[in-house]
Amino acid sequence: MYGFVNYALELLVLKNFGTNIWEQIKKQAQVNMEGQFLVRQIYEDDITYNLIEAAVDILNIPAGDILELFGKTFFEFCQDSGYDKILQVLGATPRDFLQNLDALHDHLGTLYPGMRAPSFRCTETDGQLVLHYYSERPGLEHIVIGIVKAVASKLHGVDVEIKIIRRKGDPIDDKPKSAPPVQPVPTPIPVVPAAATPTVVDNRPVPIFISADPAAAEL
């Protein structure tokens, strides 16, 4: 994959844990290189996976937590790299943004030839949003979770609650798996004058469910 992915991982470790830890991670991952990853150079996927595995071991943090934090850092990296305006016009809601992600990847494909990006589409199951995530690279679903949470918070001002309902490699049922039910919002009984109209505000996180579908992305 392109070096901007590894570079974002490098920024994550340097920012939160320091240079010495990053050097330890590189050493354990057998990444023998001086300086930073080159953003526009293509590296073997194994380098990224080895770095993540080494980070999990050295930092003693679960892989899902590291990948989610990486997703948030990667979004910030994209903002700082001049893509902030493009990200803002992808959609006014998390759903619209996710529906337009493939268009963004098509655009980036002209800047990064050979980029093998994942693909996304949104559906609704029982009135709830399901994000279908297609990728030839297994085990990276939590990066998507981190990115989606960062997008919703920083661009749309909302919190989202995300749950993976299917992973790549899981058996496919005859019927699509339904998203877990969302508990109804309790109706408050405000103490207000009879003539006033109370406003009910739902401050719960918006639920999004991720299905890492078995088909690889069209690349």
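**A walk around helix H2**

Let's start with helix H2, residues 19-28, whose buried residues are Ile-21, Trp-22, Ile-25 and Lys-26. Buried means under 20% relative accessible area, exposed over 50%, and partly exposed in between, with a 1.4 Å probe and protein chains only. Helices are DSSP runs of H or I with at least four residues, numbered from the N terminus. Looking down the axis of H2, these buried residues line one face of the helix, because they fall within an arc of 140°, taken from the directions between the helix axis and the C-beta atoms. An α-helix has 3.6 residues a turn, so residues three or four places apart point the same way.

This is a predicted model, in which local features need pLDDT of at least 70, side-chain atom pairs count only at pLDDT 80 or more, and totals for chains, interfaces and linings use all residues. Residues are numbered from 1 along each chain as its sequence is written, and side-chain values use heavy atoms, leaving out hydrogens and water.

What do the buried residues of H2 pack against? Their partners are helix H1 (3-16) and helix H3 (45-59), where contact means heavy atoms within 4.5 Å. Ile-25, for example, touches Val-13, Leu-51, Ala-54, Ala-55 and Ile-58, not counting residues up to four places away in sequence. On the other side of H2, Asn-20 and Lys-27 are exposed.

Now turn to helix H4. Glu-68 is found there, and this residue counts as buried because its relative accessibility is 16%. Leaving aside neighbours within four places in sequence, Glu-68 is in contact with His-142, Ile-145, Gly-146 and Lys-149.

Technical notes:
Helix = DSSP H or I, 4+ residues; strand = E, 2+ residues; numbered from the N terminus.
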